[in-house]
Amino acid sequence: MNNDSPARDDSGRALSWTPSQRELERQASRKAIGRKKALIATLSSVIVIGSLIRLIITSPGWQSVKDTFFDWSYGGEVLGAVAKGLVVNIRLTIIAAILIGIFAMILALLRTSRSAALTPFRLMATAYVDIFRGVPLLLVILLIGFGVPALRIEGLTNSVLILGTTAVVLTYSAYVAEVIRSGILSIHPSQRAAARSLGLSSSQTMRHVVLPQALKRVVPPLLNDLVALLKDTGLVSILGVTDAVRAAQIASSRTFNYTPYVTAAILFLLITIPLTRYTDRVLAKSIKRQNAQGAA
Amino acid sequence: MNVLEVKNLRKSFEDNIVLNDLSLTVPDHTATVLIGASGSGKSTLLRCINLLDTIDDGSIYLDGKEISDPEINVDEVRKGLGMVFQSFNLFPHMSVLDNITLSPIRVHKVSKAQARDEAMTLLRRFDLADKADQYPDRLSGGQQQRVAIIRSIAVKPRLLLLDEVTSALDPVLVNEVLSIVRDLKADGMAMVLATHEMGFATQVADEVCFLKDGNIIERGPASQVISAPQEAETKDFLRRVHEAGRL
Ligand SMILES: Nc1ncnc2c1ncn2[C@@H]1O[C@H](COP(=O)(O)OP(=O)(O)OP(=O)(O)O)[C@@H](O)[C@H]1O
Ligand SMILES: [Mg+2]
């Protein structure tokens, strides 16, 4: 091959050497293999997904399903109401996430502490986590949403929104506390030994050495929990909170058309899919970082 | 004046007796080198001195004060002790400078500016000034270990404990770490170090202690213990080290 411009790699940077004939052949054959793979992937996707769609739309009930679930003009009509409900879910998620973060951190620190004075609190934290991880969230929402107002305690709120959020916070704190605790336990004891031998107290060691590393490690699972939290805020609709799920329910019960539910589902997906993609990216990055550390 | 006195120390893990009635004295400004086969208890002794492991019997004195007293404030004792581990144990989420200044700032309440100044002085002295803002995973093993040593002397300890600080390094990197230890020894820093490097032990040791079966079988200047051992077990150990090519 005889051209005068310097050879370039894939990203267009000039290479300082001219690739050998053999290398050029290899590059060409790599490209050919890549093209073949892409072709196979496309073909198989078209065949599989295409036949699934065909199966659905040629089924005998498709026309009625289409009318009751995918009535797009009705979907557009209720979009505003459902979206307004979704704002409630998002606000609830943000407030709950902050409270969960604080509460879960306290629980995790109590469960990992070894201080004798904290023993009763450690036992309480353990019992708390056991209980709230073992009871379905829906039950907790019902118990708190209907149980607390029934107590008729002076000054205590009857707002279903606040009670529902409380239930979500109580349950999720137990999950998140366990995630944080596993992060703390995953830090190698030699880090603690090094910090203690420098004279740091056990709480200083936790704050400056263990926690920063532990939290970095649990970011991906916590982002997963955030996605789950957003979805689960839909459960408070059972108390009558007008969130996206409830708004869809109201709209569909008016006309006996289920399109509002599909609308709500699509709106949830519009938020959760980018969030899950982002979580995957963060996870991949964190794995790469840990591998690099292991090699050093 | 003795910096360290260990008297009749006993330590076992379950039914494995690791240290059995061991006594050791380290005068100020001297280096004591612990040698012995793998598993002879060198690390365990250092960890006991640093109160990372609790002892079963005996007593340990630092500057004449008993530190094996359960009532003692462990954090207070450790302010006077520096320890460097075989596996560096730098904090991966902190820059080199932050690793070094963490204890001076948080434990010894030195001002941030002063801690940084002192850390930079040490880094410059040991040719690491350009790494101050790097994170540990960007450093070579030898550089990491040198930073770990600097970190442990930044708090000006009375006694430095070094546990096989070169055994995780390849031979080329060993020298840069050993030269730092030699410098500290020249400064008059009192230290106890465990090592497999007999040549290095000969250079820095005021006293060499050969550990076997939980006790010090032979002790004395390097010219005696390493060059002309008396005990059969010491001779046997040194012969095997020699065969492994580390003499
Ligand atoms: N935490 C522990 N639990 C149980 N046994 C232990 C523990 N730490 C050390 N040991 C045992 O104590 C003995 C002495 O170990 P130590 O690490 O002190 O040896 P060493 O002389 O430092 O060896 P090396 O030269 O390989 O570092 C070994 O038999 C080891 O198995
Ligand atoms: Mg050891």
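Predicted model: local features only at pLDDT ≥ 70, side-chain atom pairs only at ≥ 80, totals over all residues.

Colleague: Which element gives the most residues to the lining of the largest cavity?
Modeller: The volume of this cavity is about 30 Å³. Its lining includes Ala194(A), Ser197(A) and Leu198(A), along with residues of chain B such as Met83(B), Phe88(B) and Ala148(B). Elements giving two or more residues are α7 (189-197) of chain A and, from chain B, β6 and α5. The top contributor, with three residues, is α5(B).

Colleague: By class, how many residues of that lining are nonpolar?
Modeller: Phe85(B) and Val84(B) are among the lining residues, as are Arg151(B) and Ser152(B). Sorted by class, the lining has one charged residue and two polar ones, and the nonpolar count is seven.

Colleague: Now for the open spaces. Which element gives the most to the lining of the largest pocket?
Modeller: The largest pocket holds about 750 Å³ of space. It is lined by 29 residues, and those closest to its centre are Arg114(A), Arg196(A), Ser202(A), Val74(B) and Arg78(B). Two or more residues come from each of α3 (72-112), α7 and α8 (202-232) of chain A, and from α2 of chain B. The most, five residues, come from α8(A).

Colleague: Let's turn to where the chains meet. Which three residues supply more of the area that chain B buries against chain A than any other three?
Modeller: The contact involves 19 residues from chain A and 22 residues from chain B. Together the two chains bury about 1,900 Å², with 60% of it on carbon and sulfur atoms. On the side of chain B, 26% of the buried area is supplied by Phe91(B), His93(B) and Arg106(B).

Colleague: Which residues form the salt bridge across that interface?
Modeller: The rule finds one salt bridge between chain B and chain A.

Colleague: Which elements of chain B give two or more residues to the side that touches chain A?
Modeller: Between the two chains, eight residue pairs are in polar contact. The elements on the side of chain B are α2 (74-78), β6 (81-84), α3 (96-106) and α5 (141-153).

Colleague: Last one: how many residues apart are Glu178(A) and Arg111(A)?
Modeller: The whole structure has 23 salt bridges over all chains. One of them joins the side chains of Glu178(A) and Arg111(A), at 2.8 Å from N to O. Glu178(A) sits in helix α6 (residues 160-186) and Arg111(A) in helix α3, both of chain A, so the pair links distant parts of the chain, with a separation of 67 residues.

Terms used
Residues numbered from 1 in each chain as written. Chains lettered and ligands numbered in written order. Heavy atoms only, no water. Contact = heavy atoms within 4.5 Å. Buried area = accessible area lost by both parts, 1.4 Å probe. Salt bridge = Lys/Arg side-chain N within 4 Å of Asp/Glu carboxyl O. Polar contact = N/O pair within 3.5 Å; in protein donor to acceptor, adjacent residues only side chain to side chain. Helix = DSSP H or I, 4+ residues; strand = E, 2+ residues; numbered from the N terminus. 1 Å grid on protein atoms, 1.4 Å probe; cavity = no way out; pocket = protein on both sides within 12 Å on 5 of 7 lines; lining within 4 Å. Points joined across faces, edges and corners; volume = space filled by probe spheres on them. Nonpolar A, V, L, I, M, F, W, Y, C, P; charged D, E, K, R; others polar.
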